[in-house]
Amino acid sequence: MSDASLNTTSYENEAGFGDFFALLKPRVMSLVVFTAFVGLLVAPVPVHPIIGFAAILFIAIGGGASGALNMWWEADVDALMKRTRKRPIPAGKVTAGEAKAFGLTLAVMAVVMLGLAANFVAAGLLAFTIFFYVVVYTMGLKRRTPQNIVIGGAAGAFPPMIGWAVATGGISIESVLMFSIIFMWTPPHFWSLALFMNDDYTKAGIPMLPVTHGRRVTRAHILIYTLLLAPVAVGAGFTSIGGPVYLTASVLLNAWFITGAVKIWRRSEEAAVADKYAAERKFFRISLLYLFLHFGALLAEGVLRNFGMEGW
Amino acid sequence: MAIVKEHEIHRRRFGRNAGVGLALLAFVVLVYGMTVAKMQSGDMMEAADHSPRISMTPEVPSE
């Protein structure tokens, strides 16, 4: 043999374990884990710690699987946006087919295992969440309508409801209210992001509200949804999962959030450009804190209840 | 390109295989833990063994 050559390009980009983990969107998964955990803990039925742990894990894997399927479908637009360009598929680490197989396998496994570990109401809700996120939001709405995140936000709102179903085996007003808080919170959260990331969405051709209707309309929509969110969030405080701690936190947080939304609504585009969307960026950060502290307060009420300090 | 025994790709593949191995091991431990938890909680532990058994048959209403 006189010649030997190695094809170095074929494996230089080969995926490591971390690349497959990145397909699961770990940051989104952390929100799923936290809200599902709160939903499970505030429920009036105690769950064995191991069963609770396993259920949260399978909910997280189900959420991660829908993330992988989303990346499979979105690989072409992900390559165009600065925020998503380094994801495993556009970076060439994982092929779209691998991501699809990985996502489907994990999705089926998560749903079946959640059914066996907890109950089939929770498993059914998880299956519906995955279907809603992948088929309804990613394949159906995202590239077609500026209302994409309003309807698609439901997918992110299901985890506390699934957590509640793991414990109780059903659906009730409390779990619907936890769902509604996240559902109503999603539009102002994502639209504030879209206000200062508009260029990315324009380039990718995704019809986010600032792209299709302009920033003025988006600012008004942020305010409207923030005002609609407040009674839902405060209202949860009067149910069995609420209490004085939650109610105080919720009133203060909603006052803060509405103040921020009014500020955004009154701002002119010139002022926003001049300070590089400082108020919009701040509102986005506040929105993350808003959701975290609301569920944190629900968790606090749940813990207090376990120590015999009933909320109401 | 020099031919070396250990290429970076070998470490990456080992990492991937070790990750899958650990994930599978964790899954086995989890299923075992769940089984113990379910039995401790007094969930249904009897299964049909092809012969009628009083604890497995439906109650007959008394007259």
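1. A surface patch here is built from residues with over 30% relative accessible area and no salt bridge, with like charges joined within 9 Å and nonpolar side chains (Val, Leu, Ile, Met, Phe, Trp, Tyr) within 5 Å. A salt bridge needs a side-chain nitrogen of Lys or Arg within 4 Å of a carboxyl oxygen of Asp or Glu. Lys and Arg count as positive, Asp and Glu as negative; His and the chain ends are not counted. Charges are placed at NZ of Lys, CZ of Arg, CG of Asp or CD of Glu. Accessible areas come from the Shrake-Rupley method with a 1.4 Å probe, and for residues only the protein chains shown count as cover.

2. The model is predicted: local features need pLDDT of at least 70 and side-chain atom pairs pLDDT 80 or more, while totals for chains, interfaces and linings use all residues. Residues are numbered from 1 along each chain as its sequence is written, chains are lettered from A, and side-chain values use heavy atoms, without hydrogens or water.

3. One positive patch is made of A:K82, A:R85, A:K86, A:K203, A:K263, A:K276, A:R281, A:K282 and A:R285. Helix 14 of chain A (residues 278-306) gives the largest share, three residues. Helices (H or I, at least four residues) and strands (E, at least two) are DSSP runs, numbered from the N terminus.

4. A:K276, a patch member, sits in the loop between helix 13 (269-274) and helix 14. Its relative accessible area is 64%, so A:K276 is exposed (over 50%; buried is under 20%, partly exposed in between). A:Y277 lies in that loop between helix 13 and helix 14 too. A:Y277, at 10%, is buried.

5. Most residues other than glycine have a negative phi. A:K276 has a positive phi of about 55°, and A:Y277 one of about 60°.

6. Rings of Phe, Tyr and Trp (its six-membered ring) pair with centres within 6.5 Å; planes under 30 degrees apart are stacked, over 60 edge-to-face, the rest tilted. A:F128 and A:F131 are tilted, because their planes meet at 35°, with centres 6.3 Å apart. Both lie in helix 6 (residues 120-141), three residues apart, about one turn. A:F128 is partly exposed at 38%, as is A:F131 at 41%.

7. A:Y133 and A:Y137 are stacked, 5.6 Å centre to centre with 25° between planes. Both are buried.

8. Ring pairs also link A:F128, A:F131, A:F132, A:F158, A:F179 and A:F183 into a cluster.

Terms used:
Buried < 20%, exposed > 50% of the residue type's maximum accessible area, 1.4 Å probe, protein only.
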